[in-house]
Amino acid sequence: MRFTNDHGDYQFTNQWFEGTARGVWDQLMPDINPTRILEIGAYEGASTCYLIERQARHHDIEIHCIDTWEGGVEHQPGGYVQADMSAVERRFHHNTRLAIGRATHRVDLVVHKGYSDFELSRLVAAEKQNHFDFIYVDGSHQAPDVLCDAVLGFRLLKPQGVMAFDDYLWQESLPYGTDPIRCPKPAIDAFTNLYCRKLQILKAPLNQLYIQKLSD
Ligand SMILES: C[S@@+](CC[C@H](N)C(=O)[O-])C[C@H]1O[C@@H](n2cnc3c(N)ncnc32)[C@H](O)[C@@H]1O
């Protein structure tokens with residue numbers, strides 16, 4: 001995958017970002033123009049590199065990436081995505097190094113290797129409340145994890161900041177059908193319902209959900 005013709009040496013092995021987020025972000029990023037960015041779920045850094053390429057063209061940026069690089073349940077033995085997660089992590093570092101090397105402005109990349117509940121709590125404890133302009137939630141797809149990412153992420157999001165949830169409609173086909181605990185939608189719905197006085201939902205294709213924070 002290439003973002004531009006002369007950036008052929010990125011190492012990406014899938015089209016997840018291209019297939020879902022990129023089209024929406026091309027429209028959205030000029031409005032948000034984020035300087036402080038948080039990503040939950042970085043994998044090989046496709047979304048990270050897009051944000052570095054795009055935003056560090058205009059100004060200095062700070063970008064935090066949280067990932068265990070252990071994969072989710074879908075990466076576990078018997079899951080439908082088989083990946084050597086150590087190689088995935090190496091590709092993340094290779095790709096982000098390239099993107100940072102090409103940036104015209106300063107990029108502070110902060111990598112938080114660990115579980116998102118733990119790493120987000122650390123950011124809250126480090127007084128990063130209301131710090132981020134843009135948060136991308138694309139880590140675990142298990143409903144309890146997504147709920148935790150949403151609630152802690154919201155604390156870290158600035159008023160007027162935007163939080164994007166990938167895979168709003170994602171679900172597995174399991175031998176017993178679908179399992180509401182093993183998909184993001186029930187968690188995202190619970191979060192947007194309970195926080196309805198503090199956020200607005202932005203218009204976007206329904207495989208992702210975008211909210212804007214109105215108040216704490
Ligand atoms: C779908 S991938 C992210 C894709 C990436 N945003 C992109 O656009 O290419 C999900 C990532 O979330 C990570 N992950 C899954 N559960 C997690 C958890 N509880 N905490 C932190 N990271 C997690 C996995 O290791 C995996 O790298």
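A: Asn33 sits in the loop between α2 (21–32) and β1 (36–40), helices (H or I, at least four residues) and strands (E, at least two) being DSSP runs numbered from the N terminus. The model is a predicted one, in which local features need pLDDT of at least 70, side-chain atom pairs count only at pLDDT 80 or more, and totals for chains, interfaces and linings use all residues. Residue numbers start from 1 along each chain as its sequence is written.

The phi of Asn33 is near 45 degrees, a positive value in a residue other than glycine. Most residues other than glycine have a negative phi. Asn33 has 13 other C-beta atoms within 10 Å and is therefore partly exposed; 20 or more such atoms make a residue buried, 12 or fewer make it exposed, and partly exposed lies in between, with C-beta atoms placed from the backbone. Glu127, in the loop between α5 (116–125) and β4 (132–137), is not a glycine either and has a positive phi of about 65 degrees. With 8 other C-beta atoms within 10 Å, Glu127 is exposed.

Now the helices. The axes of α3 (residues 46–55) and α4 (residues 85–102) come within 9 Å and cross at roughly 5 degrees; axes are lines fitted to C-alpha atoms, for helices over the stretch in contact, and angles run from 0 to 180 degrees between N-to-C directions. The two helices are therefore roughly parallel, a label for angles under 35 degrees. Thr48, Cys49, Ile52 and Glu53 of α3 meet Asn95, Thr96, Ala99 and Ile100 of α4, where contact means C-beta atoms, placed from the backbone, within 7 Å.

Seven of the 10 residues of α3 are buried, so this helix is largely enclosed by the rest of the structure. Among them are Ala46, Leu51 and Gln55.

In α4, the buried residues are Val88, Glu89, Phe92, Asn95, Thr96 and Ala99. Seen down the axis of α4, they fall within an arc of 130 degrees, so they line one face of the helix; the arc is that of the directions from the helix axis to the C-beta atoms. Their cover includes α3 and β3 (107–113). The face of α4 turned away from the buried side carries the exposed residues Ser86 and Gly101. Glu89 counts as buried because it has 20 C-beta neighbours inside 10 Å.

Note on methods:
Parallel < 35°, antiparallel > 145°, perpendicular 65-115°, else oblique. Contact = placed C-beta atoms within 7 Å.
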